[in-house]
Amino acid sequence: MFFLKKVTSLALVAASALVVATGIPGAQALAGQVSPPPLVLSPNLTEPWVLQLQPRAQRRVAAPVQRRQVVQPQVRRANWWSPRQQPVRQQPQRQVRQPQSRQVSPQFLPTVVDYHGKHKPGTIVIDTNARYLYLVQNDGTARRYGVGVGKPGFEWAGSHKVTRKAEWPDWRPPAAMRKRRPELPAFMAGGPENPLGARALYLGSTLYRIHGSNQPWTIGHAVSSGCIRMRNEDVMDLYERVKVGTRVHVI
């Protein structure tokens with residue numbers, strides 16, 4: 001009995017060894033079953049699983065791309081309604097000459113002032129430094145007018161009488177003036193373009209006159225060749241107030 005049990009045990013051990021040696025199919029064969037065909041998986045189905053089983057590859061981290069900042073030129077519109085921005089070129093600044101004033105300065109307009117001088121009423125006094133002509137009146141006042149006087153080198157002073165009066169006088173430039181300025185005509189008829197203006201008061205036997213001017217902006221300046229020039233409106237007013245023989249003092 002003990003021998004039978006020992007033989008049975010040896011048979012079981014041998015069968016187990018056979019199963020271990022031959023694998024599962026052998027075991028199934030021992031059980032009387034047919035082994036199934038080998039399992040073949042599609043590569044497309046196994047690939048994700050294979051990737052999961054494989055160690056993760058170390059991914060290279062790309063260095064950040066350094067973007068170069070491009071400085072755009074500043075462009076402004078010529079007008080705010082311009083459809084596109086167009087560069088506006090800076091024009092060079094030009095020095096703009098101020099146009100010469102064509103009006104007399106206000107301080108040289110005619111006015112009435114107090115007079116405390118020694119000259120009698122009806123006398124004309126011309127202050128060449130201050131650029132004023134005074135007509136002395138009876139009530140202790142004087143009518144004051146702005147005048148233009150002789151330029152440097154043509155200043156003069158003295159006392160004369162009005163020897164002649166003329167309306168819209170003709171002009172005959174003296175020979176000495178024509179020598180200095182050859183472009184001047186030998187004769188110019190009276191009129192608005194005549195340098196002597198609307199009226200003229202001749203002083204003694206000299207070439208000097210108190211006369212009007214078609215250049216009123218020169219009043220208050222030293223610009224003439226010795227004559228005393230006034231605005232046409234002012235010389236016409238003076239012309240009506242004085243007579244031939246009126247005393248004139250130029251200081």
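These legends go with several close-up views of one predicted model.

In this predicted model, local features need pLDDT of at least 70 and side-chain atom pairs count only at pLDDT 80 or more, while totals for chains, interfaces and linings use all residues. Residues are numbered from 1 along each chain as its sequence is written, and side-chain values use heavy atoms, with hydrogens and water left out.

View 1. Helices (H or I, at least four residues) and strands (E, at least two) are DSSP runs, numbered from the N terminus. Let's start with strand S3, residues 132-136: five of its five residues are buried, so the strand is largely enclosed by the rest of the structure. Here, buried means under 20% relative accessible area, exposed over 50%, and partly exposed in between (1.4 Å probe, protein chains only). Look at both faces of S3: Tyr132, Tyr134 and Val136 are buried on one side, and Leu133 and Leu135 are buried on the other.

**View 2. The partners of S3.** Two strands pair if DSSP finds at least two bridges between them. Strand S2 (residues 124-127) runs antiparallel to S3, joined by four bridges, and Val125 stands opposite Tyr134 of S3. Strand S4 (residues 141-146) also pairs with S3 in the antiparallel sense, over five bridges. Here you can find Ala142 of S4 as the bridge partner of Val136.

**View 3. Two hairpins.** The hairpin of S2 and S3 has four residues between the strands, and Arg131 takes a positive phi near 65°. In the hairpin of S3 and S4, which has four residues between the strands, Gly140 takes a positive phi near 80°.

**View 4. The largest pocket.** On a 1 Å grid over the protein atoms alone, a pocket is an open set of points with protein on both sides within 12 Å along at least five of seven lines, and lining residues have an atom within 4 Å of a point. The volume of the largest pocket is about 650 Å³, taken as the space filled by probe spheres set on the points, which are joined across faces, edges and corners. Its lining has 26 residues, with Trp171, Met177, Arg181, Ser225 and Arg229 nearest the centre. Helix H3 (175-180), strand S8 (209-211) and strand S9 (222-224) each give two or more residues to this lining, and H3 gives the most, with three.

**View 5. The second largest pocket.** This pocket holds about 160 Å³ of space. Among the residues that line the second largest pocket are Arg164, Asp170, Trp171 and Tyr202.

Definitions and conventions. 1 Å grid on protein atoms, 1.4 Å probe; cavity = no way out; pocket = protein on both sides within 12 Å on 5 of 7 lines; lining within 4 Å.
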